[in-house]
Amino acid sequence: MVRDHRKQGVHENTRDIEESVVTDFSDRMSYGGYLDLPTLLSAQRPISNPEHHDELLFIVQHQTTELWLKLVLHELENACARIRADELAPALKAIARVKHIQKTLTEQWSVLATLTPSEYAEFRGVLGNASGFQSWQYRAVEFRLGNKNARMLDVFSADPSAQAEVRRALEEPSLYDEFLRYLSRQGYPVPSSVLDRDVTRAWTFSEELVPVIRQAYEDRDRNWSVYETCEELVDLEENFQLWRFRHLKTVERIIGMKTGTGGSSGAPFLQRALELTFFPELYAVRTAIGR
C-alpha cells in the first residue's frame, strides 16, 4: 500500500521555515547587507571581449587570495603586538589562525589548476602587465615574516596608499624580530648584533643565535612556551614554502616556461623563491641538537 506522506504532514524534499525565522528585512540587518554582497559580488568584472568563460575563475581565485592575505596581515600584526607586550599565548593563537589560512590558500591552487593552457591563452592577453608580483598584501606578508627588500617599494609607486602599507611593514620589526626581542627580555642571551640590527634589511643567518635556540629545545620543560613558539614558526615557514611550491607547479602546468605577464622569467623566478627562508636558525638548530 502506498502511503500518502502529505496526509501525515511530511513534505518530500522540502523543509518548512520555522515561525521564528526572520523573513522581513525592510528595517533589519540582513546577511547580504552585513557582508555588503552587492559590492563584493559586483567586483568580478571580466574584460575579455567576448567574455571568456574561464576569466571569472581567474578573477575569483586572485580576489579570494587577496581577502585571505588581508586576514593574514591582520593576524600577523596582532601576533607582533602581543609578543611585544609579552603575551605569548594570544600571539600563538593568531599564528595558529594564519597556519589554517595558509592551508586554505595552498589548496586553492588546485582550483586554478583546472585552467588548461589553451583556455588561459584565450584571455591571457587582456591582463597586460598585471601580475601577482604586484600584490602589495603578499609583499607585506613577506616583509612581516622577514623577507624584506626595499627595492620592492618601487613596484607600488603608482599606488601611494599601498606603498605606504608596504613601507610600514618594511620599517617595523618582523614577527621573528619581535620573538627574538621577547627572548632577550626573558633572559635568553640573544646577541646584541641581532637586537640592534637594521630591521629594514632582510633577515640573514646568525650562527650566534643557534645556541640560544638550542637551549630552548634541549630543556623543553623549562622553556616550553619558547619551544612551542619555535615549532609554530617552523610550521609557518613550511606552509609558506608549500604555497610557493604549489604556485610554481600551477604556473608550470598552465604556461610552461613562458615569461610572466609582469615581466619576470616566470617559473624560474618562482623556483628561486623556494631558496628564501624566514627563520634559518630554527632549521640549523636541528643539525646542532644531539651532537
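Visitor: By class, what makes up the lining of the largest cavity?

Guide: It has 10 nonpolar, 1 polar and no charged residues. Nonpolar here is Ala, Val, Leu, Ile, Met, Phe, Trp, Tyr, Cys or Pro, charged is Asp, Glu, Lys or Arg, and the others, Gly among them, are polar. Gln 102 is in that lining, so it counts as polar under that scheme. Before we go on, this is a predicted model, where local features need pLDDT of at least 70, side-chain atom pairs count only at pLDDT 80 or more, and totals for chains, interfaces and linings use all residues. Residues are numbered from 1 along each chain as its sequence is written, and side-chain values use heavy atoms, with hydrogens and water left out.

Visitor: Why is a space called a cavity?

Guide: Because on a 1 Å grid over the protein atoms alone, it is a set of points where a 1.4 Å probe fits but cannot get out; lining residues have an atom within 4 Å of a point. By this rule there are 2 cavities of 30 Å³ or more.

Visitor: Which helices supply at least two residues each to the lining of the largest cavity?

Guide: α3 (55-84), α4 (88-112), α6 (136-145) and α11 (224-255). Helices are DSSP runs (H or I, at least four residues), numbered from the N terminus.

Visitor: And what makes up the lining of the second largest cavity, by class?

Guide: 4 nonpolar, no polar and 2 charged residues. Asp 177 and Arg 181 are in that lining, so they count as charged. α8 gives the most, with 3 residues.

Notes: 1 Å grid on protein atoms, 1.4 Å probe; cavity = no way out; pocket = protein on both sides within 12 Å on 5 of 7 lines; lining within 4 Å. Points joined across faces, edges and corners; volume = space filled by probe spheres on them.
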